[in-house]
Amino acid sequence: MALFGTDFLKKLEYLSLVSRRVFRGSILAQRRTTQLGGGIEFADHREYAPGDDFRYLDWNVYARHDELLLKRFEEEEDLHVYILLDCSASMGFGKPPKFDFARQIAAALSYIALADLDRVAIVAFAGDIVADFPLTRGKARILSLLKFLEGLEPQGTVTDLSRVVKGFVHRTQRRGLALLVSDLYDPAGFQPGLDLLRHHRYEPHIIQIFDRTEAEPKLKGDVELFDVETGSIQKVTVTERNLRQYRAIFDAFQESIKAYCQTYGLGCTRASTEIPFDELILKMMRTAGALA
């Protein structure tokens, strides 16, 4: 089945409509900022100064108080959405591969943002940044964005989120929402990279993906384990005790992600690839809507 077939595009349009009509763009819109400018929402007054545009004078105030005051209006800034997409080799694991699921999520979130006239960029990474889809705006760009996602493949060796974020935050760009779509399997830990994003005033939202067999492996006896990121092979004998230890480690890892996000007030979505991508996006909308 095609990764971005006709049915997929229909689901994207449905998700976009639901986001606007039911949840009012709750994943992204609530994070937009406002600034004083040429919008339509009244903000406050300031004193008239020579050279100011007479069209913005508040004549009602002048009639009542004989004061020349200018109306100031509030305009909404479009949101800059940066999707950091993990392309490391471990993302190729699973049936379906975690990477296919991650690309569908990235595409869905991009479509919703573009439909809301926000600006979207995709940063693909492994040990370093490996590809970029530059900041863009408008639904007409979705086909180019999907083509970019289709051309990506799992690659590299180990994930190095700190290195990736260092390169990302030192770019000349406006701060915004940073959606990290990854399994977070970084030997150095995911925390330092997220710390950098926070300290540079981005707003991270974590979408952590795993395959069910990673949570509950069905291994026992003599097996040969292959590390897809390092290429190393190890022969081991797996016992029931080993499986219990592994599950405890995996559960602790999952809890560490949840605890980090709760500590710093970050959005956090953790999901198995068993869940259809559109159900996951709807779940994110409901969660965001409840917190709005």
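Strand E8 and strand E11 (residues 267-272) run parallel and are joined by six bridges. The model is a predicted one. Within this pairing, His205 has Gly267 of E11 as its bridge partner, and Ile209 is partnered by Ala271 in E11.

E8 is also joined to E7 by six bridges, and these two strands run parallel as well. Here Leu180 stands opposite Ile206 in E8. Together, E7, H6 and E8 make up a β-α-β unit that is right-handed. Strand E8 covers residues 203-210, and seven of its eight residues are buried, so the strand is largely enclosed by the rest of the structure.

These strands belong to an open sheet of six strands, in the order E6-E5-E4-E7-E8-E11, with mixed pairing. At the edges are strand E6 (129-137) and E11, each of which pairs on one side only. With direction ignored, neighbouring strands of the sheet are turned against each other by 15 degrees on average. In general, the strands of a sheet pair through backbone hydrogen bonds, in either a parallel or an antiparallel way.

The structure holds twelve aromatic pairs. Two of these pairs involve Phe253 and are listed below.

| Pair | Centre to centre | Angle between planes | Class |
|---|---|---|---|
| Tyr185 and Phe253 | 5.8 Å | 45 degrees | tilted |
| Phe190 and Phe253 | 6.2 Å | 75 degrees | edge-to-face |

Why do the two pairs fall into separate classes? Planes over 60 degrees apart count as edge-to-face, under 30 degrees as stacked, and the rest as tilted. The planes of Tyr185 and Phe253 are at 45 degrees, so that pair is tilted, while the 75 degrees between Phe190 and Phe253 makes an edge-to-face pair.

Both pairs link distant parts of the chain. Tyr185 lies in the loop between strand E7 (177-182) and helix H6 (191-199), and Phe253 in helix H8 (residues 240-264), 68 residues apart. Phe190 lies in the loop between E7 and H6, so its pair with Phe253 in helix H8 ties together parts 63 residues apart in sequence.

The cut-off for buried is under 20%.

Tyr185, Phe190 and Phe253 form one aromatic cluster with Tyr260 and Tyr264. Over the face of Tyr264 lies Arg198, at 3.6 Å from the ring centre.

Terms used: Residues numbered from 1 in each chain as written. Predicted model: local features only at pLDDT ≥ 70, side-chain atom pairs only at ≥ 80, totals over all residues. Heavy atoms only, no water. Phe/Tyr/Trp six-rings, centres within 6.5 Å; stacked < 30°, edge-to-face > 60°. Helix = DSSP H or I, 4+ residues; strand = E, 2+ residues; numbered from the N terminus. Lys NZ or Arg CZ within 6 Å of the ring centre and 35° of its normal. Buried < 20%, exposed > 50% of the residue type's maximum accessible area, 1.4 Å probe, protein only. Pairing = 2+ DSSP bridges. Right-handed = clockwise from strand over helix to strand, strands pointing away. Axes fitted to C-alpha atoms, helices over the stretch in contact; angles between N-to-C directions.
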